[in-house]
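The sequence and the model come first.

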Amino acid sequence: MNSAAFHGYWRTNGRVGTRNLLLVLSVTGLTGPAARRIASGLSGAVFAGTPYGGGLIGEDATAHRRTLAGLATNPNVGAAMIVGADETTVDDIAARTEAAGTPFAALVFDHTGHDALTLVDRGLRAGAKLLKTISRQRREPAPLSAITLGLECGRSDPSSGIGANPVLGAVADRVADAGGTAIVGETTEWLGAEDRLAARAQTAEVGKAIVAAAQRREGLAIAAGIDLTGTNPGRTNIEGGLTTIEEKSLGAVSKAGTGPIAGLVAYAEPPSAPGRWLMDAPAYAPESLTGFVAAGANLVLFTTGVGNSFGSRLAPTVKLTANPATAARLDTQIDVSTAPLITGEEDLSSAAQRVLDEVCAVASGALTFSEIFADGEETISRFGPAL
Amino acid sequence: MSAAAITLDASDDVATALRELPAGETVAVSHPAGQAQLRPVEGIPAFHKVALHDLPGGTQVRKYGAVIGELTSSVPAGGLVHIHNLRSLKAVAAPPAPPSEGTDP
């Protein structure tokens, strides 16, 4: 069970990266453009950041800091460059990055005489040195237990629930049974299936928390006066054949496998132990993926029905579909087709093995289409108004 | 005969079409216990749902062995079940809102 499943980058805290990126992280909106210029000037650097800053309050402020620190300390980040407008914000994220053992550089706009070009100049020079250092690290054997999966579905149709999400669930079961971690979010898409999830919770307390989280989302929809039919499921879901949130959810939650659910975490909160976890998070893929990655996911499995090009920039995102027409039409988007499961040419176990093989190949460095096209952008959720 | 539609649970009221099903063509439907035959009374687009038996208005329709919503009108065996005749029971503020029409933008 602990034999080598893939080759990855071992970090000083014992976690393993499937990539070895220089992350240029803008922790304030003001420094986003400069941070993007720094990242675009450095081969192998990836930009992530927030468009927001000082006005964030309450849950937003807490979740933002947690997410930014989570991105900086994701195991796929070989080194982080933390760029921000003010020393307080940069120092906070830098301290959390240092605590995780991630090499970093910190750059503060206020220390440049408020000159974004000076900031870019310093960033390029510091980033070049970090890249040179991290390029010397080599991939080494790592067990399946070092995998943390983020499990997502987007632009689903009924093929997702029948032939793609159950495969993710079977892979999640294998990873979790080997001591790894799998995270499923998209709380709205538990509605109608929340009792099934709660019944699998490791403790009664977790079960209650799962039901409460789903009911809270339902309450948000009612309070907003929104008819979920047309919103979630959305237009593309409905055109693909889905009808109600219940139908979508019953197909979506099969991503969480069949084994016990260890617990429920908040948006971007890292699970405290291996196993199958739920994250109470928005369903929209860009926000959802960033929640997983900030919680430590080093690889994402993402199913689609009609097609969805988006991926994480920090965690390689494997795109899957069970819709044969989509697999044929989007042959530079879909990494794995599980359509043979629907047509009866393959059983669940062999489809799961095929996907697990792809997980290990990608974890060892094989590229996914969303990675090749850099199709994605880390997007931090918002929870309320700002000052 | 390879199935043209799939029933996921023995208690389900609907099957999911695995390809476009023309009206009047008798097709094989797979279900957990084996295979059955069904004749759609109208065209069923790929991956949409077809009623396995006559379903009166108000039926709480089952798929995956669970309720996916409530019928706003009756559907005969072989009829299409979609948002024109099925509504969600979730996020419906009390008192129940009138049946929502399709909201294709």
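Two strands pair if DSSP finds at least two bridges between them. Helices (H or I, at least four residues) and strands (E, at least two) are DSSP runs, numbered from the N terminus. The model is predicted: local features need pLDDT of at least 70, side-chain atom pairs count only at pLDDT 80 or more, and totals for chains, interfaces and linings use all residues. Residues are numbered from 1 along each chain as its sequence is written, and chains are lettered from A and ligands numbered from 1 in the order in which they are written.

Strand β7 (residues 66–71) of chain B pairs with β9(B) in the antiparallel sense, over 2 bridges. Within β9(B), B:Leu86 is the residue opposite B:Leu71. These strands belong to an open antiparallel sheet of 3 strands, ordered β6-β7-β9 (chain B). Its edges are β6 (60–63) and β9 (86–87) of chain B; each has a single partner strand, so one side of each lacks a neighbour in the sheet.

**The sheet in chain A**

In chain A, 4 strands in the order β4-β3-β5-β6 make an open sheet with parallel pairing. At the edges are β4 (45–49) and β6 (104–108) of chain A, each pairing on one side only. From one strand to the next the twist averages 20°. Strands β3 (residues 21–26) and β5 (residues 77–84) of chain A are joined in the parallel sense by 6 bridges, and A:Ser26 stands opposite A:Val83 in β5(A).

Contact requires C-beta atoms, placed from the backbone, to lie within 7 Å. Axes are lines fitted to C-alpha atoms, for helices over the stretch in contact, and angles run from 0 to 180 degrees between N-to-C directions.

| Helix | Strands touched | Angle |
|---|---|---|
| α4 (residues 116–134) of chain A | β3, β4, β5 and β6 of chain A | about 170° with β5(A) |

**Helix α13 of chain A**

Helix α13 (residues 348–363) of chain A has 16 residues and reaches 22 Å from its first C-alpha to its last, close to the expected 22 Å (1.5 Å times one less than the number of residues). After α13(A) comes A:Gly365, with a positive phi near 125°.

Definitions and conventions: Contact = placed C-beta atoms within 7 Å.
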